[in-house]
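We will go from one selection to the next, with a short note on what each one shows.

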Amino acid sequence: MRWADLLLLLPAAPYRLAAFPFAALFHHLCSSGHLSLTARYIFLLAGGCLLAATAMGSYAVLLLIPAAGSVLVLLSVSPAHVHTWVFALQMSWQTLCHLGLSSQELDPQDARPAIALSAIMLLTQKATSLALDIHEGVVMLQLGQGLLQCTLPLCSYLLFFPALLGGPLCSFSRLAYYMHWVLDEALLEVAGFGPEEGQGDLSLHDLWTLETTHRVAVFARTWNKSTSRWLRRLVFQRCPAQPLLATFAFSSWWHGLRPGQVFGFLCWAVMVEADYRIHPFLSARATSQGVKLLYRGTTWVFTQLIVAYILVAVETESFSMLCLLWTSCNSILPLSYGLALLLLAKKPKQN
């Protein structure tokens, strides 16, 4: 793959690269004690607004409106209800943006709408996570201070430039998505906001797991780990019935609700549920070393084919193309997993 092709798959990469000197400058000024706490907030917020205007142009307004609305809700609604209000605001606005931009005849060479949608999706993650922290008492807002002292940290957190352009923007090409994670985490690291051990989206262990695992469920947990943790906390742990299905259904909503996304994520949920039933059944019968090797090798191939099928479905934008995928021979393996789930429904599952 040529670098020019990679930049087409990563349209926000030039803006991330341009932000590296400012991230390094911010880290240096903080480490040397030249920036007060208020100055740090202003630096991060100003950098975020400048980066948004540069990368998104007029579409930056679509990001600034929900950010301002979420700050207003966080400051005015009680902790008992703040998460509900922020969730409703962010997902309603994000859905309107997805539907509105997808219904317009946009220039395919113009990456600004896609960059704006990516930033809005990431904003939804940050705003709902913060609201949930406030709801659970993990974070306490100091509302007795002045308006600036209350508002500035929230605005800075929601729009700070090292993490503004992260999120699911690029195509699901392997190499492209890995490069996407590398840029995200490198920019955060340079600015001094590097993730804690095991909390990032990219590590050699994770790359090895993604490429070698023979289980669909393990792949689902390892792929885009920060989003997986957010979905687990926001949906899976709070859903009283069918949490797995609800999590993947919400993920399709968060990604945009295109036909391919709805089908792909619901198919992913079925594949994970089948994975929980199939592997205990097969591993119990793989007693000899040769049979174990055959079992792991075969299920690794199946996992790679199923993941490829799901990612193709998620990337499919039209219903007609989705029908072609559904009626092709590529659907045989996912249908087989679905049939195995029905046959093994009463068997114990292994998470």
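Start by selecting helix α5, residues 79-102, and show the side chains of Val 82, His 83, Val 86, Gln 90, Met 91, Gln 94, Thr 95, Cys 97, His 98 and Leu 101, which are buried. Buried here means under 20% relative accessible area, with exposed over 50% and partly exposed in between (1.4 Å probe, protein chains only). Helices are DSSP runs of H or I with at least four residues, strands are runs of E with at least two, and both are numbered from the N terminus.

A word on what you are looking at: this is a predicted model, in which local features need pLDDT of at least 70, side-chain atom pairs count only at pLDDT 80 or more, and totals for chains, interfaces and linings use all residues. Residues are numbered from 1 along each chain as its sequence is written, and side-chain values use heavy atoms, leaving out hydrogens and water.

Keep α5 selected and check its length. Its 24 residues should span 34 Å at 1.5 Å a residue, and the end C-alpha atoms are 35 Å apart, which agrees. The expected span is 1.5 Å times one less than the number of residues.

Contact means heavy atoms within 4.5 Å.

Now hide everything except α4 and α6. They pack at an angle of about 5 degrees, with axes 10 Å apart. That makes α4 roughly parallel to α6, a label for angles under 35 degrees. On the α4 side, the contact includes Leu 62, Pro 66 and Leu 74; on the α6 side, look for Ile 120, Leu 123 and Ile 134, among others. By class, this contact has 12 nonpolar, one polar and no charged residues.

Two single residues come next. Select Leu 35, in the loop between α2 (13-31) and α3 (37-56). Its 14% relative accessibility makes Leu 35 count as buried. Beyond its neighbours within four places in sequence, Leu 35 is in contact with Phe 26, Leu 29, Cys 30, Arg 40 and Phe 43.

Then move to Ser 156 in helix α7 (residues 147-159). Is Ser 156 buried or exposed? At 2% relative accessibility, Ser 156 counts as buried. Tyr 41, Leu 44 and Leu 45 touch Ser 156, not counting residues up to four places away in sequence.

Finally, zoom out to the whole chain: 16 helices and zero strands, with 45% of its 351 residues counted as buried.

Technical notes
Axes are lines fitted to C-alpha atoms, for helices over the stretch in contact, and angles run from 0 to 180 degrees between N-to-C directions. Angles under 35 degrees count as roughly parallel, over 145 as roughly antiparallel, 65 to 115 as roughly perpendicular and the rest as oblique. Ala, Val, Leu, Ile, Met, Phe, Trp, Tyr, Cys and Pro count as nonpolar, Asp, Glu, Lys and Arg as charged, and the others, Gly among them, as polar.
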